[in-house]
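Here are my notes on the model you sent. They are set out as numbered points, to be read beside the coordinates.

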Amino acid sequence: TVNCGAVNYKPNQVEYTIECDAVASTVKIINPKTHLQLCEVEVFGLPEPVEDNVKEGDDSGVGDDKRSVVKCPEGSTIKSCTLIKGNVPDESDGILVKKGECTAFNGARGKGTRARGVCTVYSMEK
């Protein structure tokens with residue numbers, strides 16, 4: 001059981017938001033002190049992925065901070081980003097996920113690096 005938070009009543013407040021980083025198939029809302037009256041409850045989360053597509057960036061080439069970049073197609077997002085050539089910290093400076101791109105950075109002593117991204121499309125239908 002995960003306890004994501006509590007609502008503390010405030011007069012004239014009409015909306016309460018509780019953030020919760022959990023995976024579940026049910027939500028339980030309780031008031032152990034008295035009856036509970038709710039007008040509307042909305043639960044949001046990422047939908048199930050419907051399609052994964054593995055993409056590899058080009059080899060970065062030799063040179064400090066040279067890059068290998070994976071860009072996902074329109075309508076998809078990066079689900080994971082990994083470095084598949086040039087181990088950290090000896091040959092690579094690591095990876096960065098930003099604005100829908102997976103970027104691998106070659107290190108000063110690296111012989112080139114390569115990024116691999118898993119692009120996914122989420123279904124908004126249930």
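Which backbone nitrogen lies 3.2 Å from a polar atom of the side chain of D64? The first point takes this up; the model is a predicted one.

1. **D64.** The backbone nitrogen in question belongs to A108, and the separation from a polar atom of the D64 side chain is 3.2 Å. D64 sits in the loop between β1 and β2. Leaving aside residues up to four places away in sequence, D64 touches D93, N106, G107 and A108. Its relative accessible area is 46%, so D64 counts as partly exposed. D64 can also be set against E91: the two are 27 residues apart in sequence, and their C-alpha atoms are 9.5 Å apart in space.

2. **D65.** D65 is also placed in the loop between β1 and β2. The point to check here is the backbone: D65 is not a glycine, yet has a positive phi of about 65°. For background, most residues other than glycine have a negative phi. D65 has a relative accessible area of 42% and is therefore partly exposed.

3. **S60.** The loop between β1 and β2 also holds S60. Is S60 buried or exposed? With a relative accessible area of 11%, S60 is buried, because the cut-off for buried is under 20%. The S60 side chain reaches the backbone nitrogen of T113 at 2.8 Å. Beyond residues up to four places away in sequence, S60 touches K66, R67, S68, N106, G112 and T113.

4. **T120.** T120 belongs to strand β6, which covers residues 114-122. What joins the side chains of T120 and D52? They are joined by a polar contact of 2.7 Å. T120 has a relative accessible area of 0%, so it counts as buried.

5. **Y122.** Strand β6 also contains Y122. Y122 has a relative accessible area of 26% and so is partly exposed.

6. **S80.** S80 is in strand β3, residues 77-85. Which residues does S80 touch, not counting residues up to four places away in sequence? They are R116, G117 and V118. S80 and C102 are 22 residues apart in sequence, with 8.3 Å between their C-alpha atoms. S80 is partly exposed, with a relative accessible area of 31%.

7. Two residues here deserve a look. From A24 to V2 is 22 residues in sequence and 9.1 Å in space, C-alpha to C-alpha.

8. **Strands and overall dimensions.** How many helices and strands does the chain have? There are zero helices and six strands, which gives the pattern β-β-β-β-β-β along the sequence. The radius of gyration of the chain is 22 Å, whereas a compact globule of 126 residues would have one near 14 Å. The C-alpha trace spans about 65 × 30 × 30 Å along its principal axes.

9. **Contacts and burial.** Among contacts in the chain with a separation of 6 or more, 60% are between residues 24 or more positions apart. Of the 126 residues, 20% count as buried; S60 and T120 have been described above as buried.

10. **Surface and charge.** The accessible surface of the chain comes to about 10,300 Å². Carbon and sulfur atoms account for 49% of that surface. The chain carries 16 positive and 19 negative side chains. The centres of these two sets lie 4 Å apart.

Methods: Residues are numbered from 1 along each chain as its sequence is written. This is a predicted model: local features need pLDDT of at least 70, side-chain atom pairs count only at pLDDT 80 or more; totals for chains, interfaces and linings use all residues. Side-chain values use heavy atoms; hydrogens and water are left out. Helices (H or I, at least four residues) and strands (E, at least two) are DSSP runs, numbered from the N terminus. The radius of gyration is taken over C-alpha atoms; the globule rule is 2.2 Å times the number of residues to the power 0.38. Buried means under 20% relative accessible area, exposed over 50%, partly exposed in between (1.4 Å probe, protein chains only). Contact means heavy atoms within 4.5 Å. Accessible areas come from the Shrake-Rupley method with a 1.4 Å probe; for residues, only the protein chains shown count as cover. Lys and Arg count as positive and Asp and Glu as negative; His and the chain ends are not counted. The place of a charge is taken as NZ of Lys, CZ of Arg, CG of Asp or CD of Glu. A polar contact is a pair of N or O atoms within 3.5 Å; within protein, one must be able to donate a hydrogen and the other to accept it, and residues adjacent in sequence count only if both atoms are side-chain atoms.
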